[in-house]
Amino acid sequence: MKLFCLLTLFFTLTIQAQFQINGIVTDPHNKPLPFATITTADNNNTITDVDGKFELKINSKTTTFAVSYIGFQTKLVPVVEKKKFYLISLSQKSDDLKEVVVSNENPALTIIKKVIANKNKNNPQKKLSSFEYKTYNKLIVTANPDSIDGRIDSSAAYKDFNKKEINIDSSDYKFKEIITKQHLFQTEKVSQYQFGNNKLKETILGTKMAGFKQPVYEIIAFNLQSISIYDSKYELFETKHQSPIADNAFSDYNYKLLDTVPIKGRNTFMIYFKNKKRKTNALEGVLYIDQENFAVAKAVMRIKAVLDISGIHEFEYVPEEKIWFQSNTTFKIVKGKNDDDIKILGGTIQFDGDVEDNYEPRKK
């Protein structure tokens, strides 16, 4: 009987085993589509990042997943055994010009107005007198390997007709090889937040750092992103921006309804926002709004300039309190097509794949 139970448990675990697939979603011109929606039949969903890339966990029973993006035809992609990477190109809808406008007001504006009107009901610090919860925080500094040439460049200097000197520069090639396999560094932190007497206290329960020669403990106090998504000013990388759900946000942002997707078993509106005044260092991103109580169920906040900087807030819904509590935050810095260094934690991060001494280092 015990053997039967063990075998039953083994087969159950095998059937429900999960594995991860990766991919990139592009338009017909091979341009990445950020914030495209990836959904499976069992309502497991994710979105592409700012570079159109995604990671999706599926089980052995999953045979297909759907990829959708506003203005493009939804594509059903079959899951191929042992295939880990999927390159997906979406086709634009041919009937975009035939769409009928049924309302004079942008539907995204109507939703955001309700979010602003219900902020005090959905903000834990306004609705509750006291609470506590734990969060998992992650910081990633990396580079986009697609933006790195990766060729082994050579330059020739002719001394005479019979002898020539050739200098080989392999820094880009080596750097791309490294960054394809791993991030530059990553830190993780588990915190407990306690709220009472109108004050929020953070207690750090554990930290882990990878990629540093010496631990940088300043990361514990470094203000990478706002704790609350409901603050009138949203802070990202020690710079404060007008929040997309501030009372006067409509003067700064444009909004667009992208899709409706389920999160934690609840239906949400997926709304894209972008600053309409500033062209550089402007805040943009995606808000997932609970269709029932108009609370923020997930938020992706992003600044794209010399660096791609993004802060992701994920929440857990508590039915007893009818409120969303923050569960995970991720802060990500991506090095793109530029030669500038990253200044962070009081120092400078230089990208360099050079290990030899016969040429000048370019990336550290």
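**Exercise 1. Locate His-241 and classify its exposure: buried or exposed?**

Solution. 
- Start with the position. In this predicted model, His-241 sits in strand β14, residues 239–242.
- Next, the area. The relative accessible area of His-241 is 5%.
- Apply the cut-off: buried means under 20%. His-241 is therefore buried.
- Now list what surrounds the residue, skipping residues up to four places away in sequence. His-241 touches Ser-232, Lys-233, Tyr-234, Leu-236, Tyr-253, Arg-278, Asn-281, Leu-283 and Ile-303.

**Exercise 2. Determine which face of helix α2 is buried, and what it packs against.**

Solution. 
- Take the helix, residues 107–117. Its buried residues are Ala-108, Ile-111, Ile-112, Val-115 and Ile-116.
- Look down the axis of α2. The buried residues fall within an arc of 140 degrees, so they line one face of the helix.
- Find the partners. The buried residues of α2 pack against α3 (119–122), β15 (253–263), β16 (266–275) and β17 (283–290).
- Check the N-terminal end. Asn-106 caps it, with a side-chain oxygen 2.9 Å from the backbone nitrogen of Ala-108.

**Exercise 3. Identify the residues that touch the most other members of the largest nonpolar core.**

Solution. 
- The core has 49 residues; Phe-35 and Ile-289 touch the most other members.
- Ask which strand gives the most. That is β18 (residues 296–304), with six residues.
- A separate core holds 17 residues, including Ile-21, Ala-36, Phe-72 and Leu-90.
- Follow Ile-289, leaving aside neighbours within four places in sequence. Its contacts include Ile-111 and Val-115, both among the buried residues of α2. Ile-289 is also in contact with Asn-267, Thr-268, Phe-269, Ile-271, Phe-294, Ala-295 and Val-296.

**Exercise 4. Classify the ring pair of Tyr-133 and Phe-325.**

Solution. 
- Two quantities are needed. A pair of aromatic rings is described by the distance of the centres and the angle of the planes.
- The structure holds 13 aromatic pairs. For Tyr-133 and Phe-325, the centres lie 5.6 Å apart and the planes meet at 50 degrees, so the pair is tilted.
- Tyr-133 is in strand β8 (residues 131–143) and Phe-325 in strand β20 (residues 323–335), 192 residues apart.
- Check burial. Tyr-133 is buried at 15% relative accessibility, and Phe-325 is buried at 11%.
- Widen the view. Ring pairs link Phe-131, Tyr-133, Tyr-193, Phe-195 and Phe-325 into a cluster.

Conventions
Residues numbered from 1 in each chain as written. Predicted model: local features only at pLDDT ≥ 70, side-chain atom pairs only at ≥ 80, totals over all residues. Heavy atoms only, no water. Buried < 20%, exposed > 50% of the residue type's maximum accessible area, 1.4 Å probe, protein only. Helix = DSSP H or I, 4+ residues; strand = E, 2+ residues; numbered from the N terminus. Arc of directions from axis to C-beta. Contact = heavy atoms within 4.5 Å. Polar contact = N/O pair within 3.5 Å; in protein donor to acceptor, adjacent residues only side chain to side chain. Core = buried A, V, L, I, M, F, W, Y, C linked by side-chain atoms within 4.5 Å. Phe/Tyr/Trp six-rings, centres within 6.5 Å; stacked < 30°, edge-to-face > 60°.
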